[in-house]
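Colleague: I am new to this structure and would like to go through it with you. Please show it first.

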Amino acid sequence: MESSILPLPDERLDKINENLSLLQLKDGLTFGTDAYLLVAFTRPQRTAGADLGSGTGVAAFLCLAKNKFPHMHAFEAQSRFANLIEKNAKLNALSKKITVHAKDIRHATPQDTSGWLSGIISNPPYMKGKSGFENASDAKNIARREVLGTIEDFCHCASSLLKHGGLFTVVYRPQRLADLFYAMRSNNLEPKRIVFVHPDATSAPSLVLVEAKKGAASSLLWARPLIIYKAGTRIYTEDMDKVYETCSMDFLFEGK
């Protein structure tokens, strides 16, 4: 790790999972549970993968740390964040394992990744462009709302970069699951595996994880729900502990 890389006045330095350090913008979105769950749900591939709308690069770095992919392409339209990914790569001695594309995902092509990929991940903006309360920070607005691409755009990009049979893995909001499925199917991406994530056993799901396969036939495998906390506490459930221990959710599909 390069200790000489220090945060600028508008940045903060945090220690996260897998002994990774992460520079984050003070007025941008910071590392959260959804990024780790996305990586845990992602099935390992032997060839390079991509992260669409990479932000600070945290999901891409976790994929490398957990051997989900041998190399990652990080697509990020906001130049401030693209520069931050480069700095974080140097900070964690991962510059040789990640290629940063300061590029709008709506303009990405297989030439950027030197050919079609077998796996792509994304934590896309959850909200429509004009929905809900807008953040004072432009960076947060773009990260949370469909300003630089709708879910249709993200699915179109994934399909264009994936080879036949390649996997697109997404973390999203359950309230927009119909939009996600429609966007996937409109771009020849068939949903194949799904996990709903609940804060506790009495709450509605707060996140949904979906894996789609390019060019596949229809057939959807449902996991048992992932419950984060034990009832009335901030203590992780055994399932959540196992997700952090193994960085996998395959066990949730056992017996299915």
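Colleague: How many of the nine residues of H1 are buried?

Modeller: This is a predicted model, in which local features need pLDDT of at least 70 and side-chain atom pairs count only at pLDDT 80 or more, while totals for chains, interfaces and linings use all residues. Residues are numbered from 1 along each chain as its sequence is written, and side-chain values use heavy atoms, with hydrogens and water left out. Helices (H or I, at least four residues) and strands (E, at least two) are DSSP runs numbered from the N terminus, and buried means under 20% relative accessible area, exposed over 50%, partly exposed in between, with a 1.4 Å probe and protein chains only. H1 is mostly covered, and its buried residues number eight.

Colleague: Which residue pairs with Phe 41 in a stacked aromatic pair?

Modeller: Rings of Phe, Tyr and Trp (its six-membered ring) pair if their centres lie within 6.5 Å; planes under 30 degrees apart count as stacked, over 60 as edge-to-face and the rest as tilted. The rule gives five aromatic pairs. In one of them the centres are 6.4 Å apart with 25° between the planes, and the partner of Phe 41 is Phe 253.

Colleague: How many residues apart are Phe 41 and Phe 253?

Modeller: Phe 41 belongs to helix H1 (residues 33–41), whereas Phe 253 is in the segment after helix H7 (238–246). Phe 41 is buried at a relative accessible area of 1%, and Phe 253 is buried at 9%. The pair links distant parts of the chain, and the separation is 212 residues.

Colleague: Which residues do ring pairs link into a cluster?

Modeller: One member, Tyr 36, is among the buried residues of H1. Ring pairs link the cluster, which consists of Tyr 36, Tyr 229, Tyr 236 and Tyr 244.

Colleague: Which residue of S4 stands opposite Ala 50?

Modeller: Strands pair if DSSP finds at least two bridges between them. Strand S3 (residues 49–52) and S4 are parallel, with four bridges. Along strand S4 (residues 72–75), Met 72 and Ala 74 point one way, His 73 and Phe 75 the other, and all are buried. Opposite Ala 50 stands His 73.

Colleague: Through which helix does the chain cross from S4 to S5?

Modeller: S4 and strand S5 (residues 98–101) run parallel, joined by four bridges, and Phe 75 faces His 101 across them. A crossover is right-handed if, with the strands pointing away from the viewer, the path from the first strand over the helix to the second runs clockwise. The β-α-β crossover from S4 to S5 is right-handed, and its helix is H3 (residues 79–91).

Colleague: Which strand gives the most residues to the lining of the largest cavity?

Modeller: On a 1 Å grid over the protein atoms alone, a cavity is a set of points where a 1.4 Å probe fits but cannot get out, and lining residues have an atom within 4 Å of a point. The search finds one cavity of 30 Å³ or more, and the largest holds about 40 Å³, a volume being the space filled by probe spheres set on grid points, which are joined across faces, edges and corners. Strands S6 (117–122) and S7 (162–172) are the elements that give two or more residues to this lining. With four residues, the one that gives the most is S6.

Conventions. On a 1 Å grid over the protein atoms alone, a cavity is a set of points where a 1.4 Å probe fits but cannot get out, and a pocket is an open set with protein on both sides within 12 Å along at least five of seven lines; lining residues have an atom within 4 Å of a point.
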